[in-house]
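Let's take a friendly walk through this structure, one region at a time. Keep the 3D view open and find each residue as it comes up.

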Amino acid sequence: MRAGAFLYPWDVDGDPAAPDRLADLGLAQVTLASAYHSTRALTPRHPRHRIVTAAHAATLYPPDPARWRDRVLAPYPAGDWAPGDSYARAAEALADTGLAVHSWVVLAHNSRLGADRPETSVVNAYGDRYPWAPCVGQDAVRALLVDLAAEAAIRPGAAGTELESCGWYGLVHLHAHDKTAGVPFDDTAQYLMSLCFCPSCRAGYGGHGADPDELAAAVRAALEPVWRGAPASALGRGTADAALAWRLAAARALQEEAVAAVRAAAPAGFRVLLHADPVPHRCGANVGTDPAHILSVADGVVTPAPAVAPFAAHAHARTVLAANLPVVTGMGGSPHTLPEDAKRAAAEGATELRLYHAGLASDADLDAVREALTSLR
């Protein structure tokens with residue numbers, strides 16, 4: 001089974017030993033970040049640093065001035081964590097080893113945009129803004145993300161792309177010094193806390209037959225038990241259906257437009273995959289989708305291994321179903337069970353593997369990955 005691993009440019013750029021070390025793992029592909037959110041990342045083998053702090057969401061290459069000139073919303077270039085065209089330098093070094101390179105594009109996750117342009121952010125039923133979550137129901141936000149997808153996907157040497165957070169982002173966010181775990185949120189509460197009530201979404205709900213003020217009040221009422229430590233209540237059927245219908249329509253519009261824009265700019269044979277969840281109302285890096293719809297739009301999905309089967313039920317002969325398996329022990333991954341996990345994913349319908357994350361893993365984790373991929377061959 002074809003195996004790829006996620007990587008940041010700074011894991012390779014400036015480290016001459018990195019490409020051969022990665023090729024020696026037995027990988028066929030590297031999914032290399034070209035547009036990414038803010039992060040603080042370990043680089044345990046780099047000769048010049050051990051911690052990289054990416055201060056804000058940015059392109060890890062120089063954005064095209066002609067594309068973004070006079071645009072109100074535009075991507076931010078990286079600072080010293082990815083100077084110049086760090087992506088291109090890393091991609092070229094990896095290609096020299098024979099590894100295929102896919103671009104890794106993060107879309108609707110951008111705290112810098114939310115700070116600079118707060119009106120672009122998701123607003124919950126209490127009026128709180130989520131600056132890390134651009135509202136994909138807004139035309140201007142969608143236009144930014146579609147053009148970013150097209151530019152960040154088609155980087156030199158890339159044979160395909162993997163679009164992350166190409167849909168709704170919500171409450172969940174690995175925020176600095178996060179203090180939101182005092183009250184447990186089940187799946188229903190997460191969804192209710194992620195519903196957006198910005199002007200565009202209020203109009204969207206109205207267009208699907210729901211009064212936005214009544215919907216917001218219903219959401220707050222449904223969440224009231226959560227603050228007392230009980231599960232959230234469900235919304236009424238008609239109200240819930242209208243809310244989900246708007247959100248699905250907005251997410252589908254972004255996904256269809258983004259994939260079309262990438263394909264229009266890409267060479268023949270360029271693969272376009274989405275990070276996806278098979279439950280339509282889910283938010284986050286793996287966006288909620290209808291499996292039948294998204295597999296009619298994209299060439300395939302990257303999804304957590306336990307979620308492969310619902311996509312497999314709608315796969316075609318050339319569909320890529322990449323099971324995402326965490327292999328960083330310190331982040332909850334299990335590299336030592338990779339052979340068994342990979343076989344289980346294949347039995348569920350996975351055609352490829354994605355390993356998270358080759359740059360963050362310890363030497364011991366990478367040794368386990370190498371042994372596992374050898375055994376799988």
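Predicted model: local features only at pLDDT ≥ 70, side-chain atom pairs only at ≥ 80, totals over all residues.

You can find Val172 in the loop between strand E9 and helix H6.

If you leave aside its neighbours within four places in sequence, Val172 is in contact with Trp132 and Gln190.

Phi of Ser165 is positive, near 50°, although the residue is not a glycine. Is Ser165 buried or exposed? Its relative accessibility is 0%, so Ser165 counts as buried.

Asp70 is another residue other than glycine with a positive phi, here about 65°. Look for Asp70 in the loop between helix H2 (65–68) and helix H3. With a relative accessible area of 74%, Asp70 is exposed.

One more backbone feature is worth a look. Which two residues are joined by a cis peptide bond? They are Tyr356 and His357, and omega of that bond is about 15°. His357 sits in the loop between strand E14 (352–356) and helix H13 (363–376).

## The largest pocket

Tyr356 turns up again here. The largest pocket has a volume of about 1600 Å³. It is lined by 47 residues, and those closest to its centre are His37, His109, Tyr169, Leu174 and Tyr356.

Which helices and strands each give at least two residues to this lining? Among them are helix H6 (187–194) and the strands E3 (39–42), E4 (51–54), E10 (271–277) and E13 (320–326). Sorted by class, the lining has 24 nonpolar, 18 polar and five charged residues.

## Helices that pack together

Two packed helices are described by the angle between their axes and the distance between the axes. Start with helix H5 (residues 139–153) and helix H9 (residues 237–265): their axes come within 8 Å and cross at roughly 35°. The crossing of H5 and H9 is right-handed. On the H5 side, the contact is made by Arg142, Leu145, Val146, Ala149, Ala150 and Ala153. H9 brings Ala250, Ala253, Leu254, Glu257, Ala258, Ala261 and Val262. This contact has eleven nonpolar residues, two charged ones and no polar ones.

Now turn to H6 and helix H8 (residues 212–223). Their axes come within 10 Å and cross at roughly 150°, and this crossing is left-handed. Ala189, Leu192 and Met193 of H6 meet Val219, Ala222 and Leu223 of H8. By class, the contact of H6 with H8 has six nonpolar residues, with no polar and no charged ones.

## Helix H3 and its cover

Finally, look at helix H3 (residues 86–95). Which of its residues are buried? They are Ser86, Tyr87, Ala88, Ala90, Ala91 and Leu94. The cover over these buried residues includes helix H1 (18–23) and the strands E1 (2–7), E2 (29–36), E6 (100–106) and E9 (158–164).

Methods. Residues numbered from 1 in each chain as written. Heavy atoms only, no water. 1 Å grid on protein atoms, 1.4 Å probe; cavity = no way out; pocket = protein on both sides within 12 Å on 5 of 7 lines; lining within 4 Å. Points joined across faces, edges and corners; volume = space filled by probe spheres on them. Helix = DSSP H or I, 4+ residues; strand = E, 2+ residues; numbered from the N terminus. Nonpolar A, V, L, I, M, F, W, Y, C, P; charged D, E, K, R; others polar. Axes fitted to C-alpha atoms, helices over the stretch in contact; angles between N-to-C directions. Left-handed = near helix turned anticlockwise from the far one by under 90°. Contact = heavy atoms within 4.5 Å. Buried < 20%, exposed > 50% of the residue type's maximum accessible area, 1.4 Å probe, protein only.
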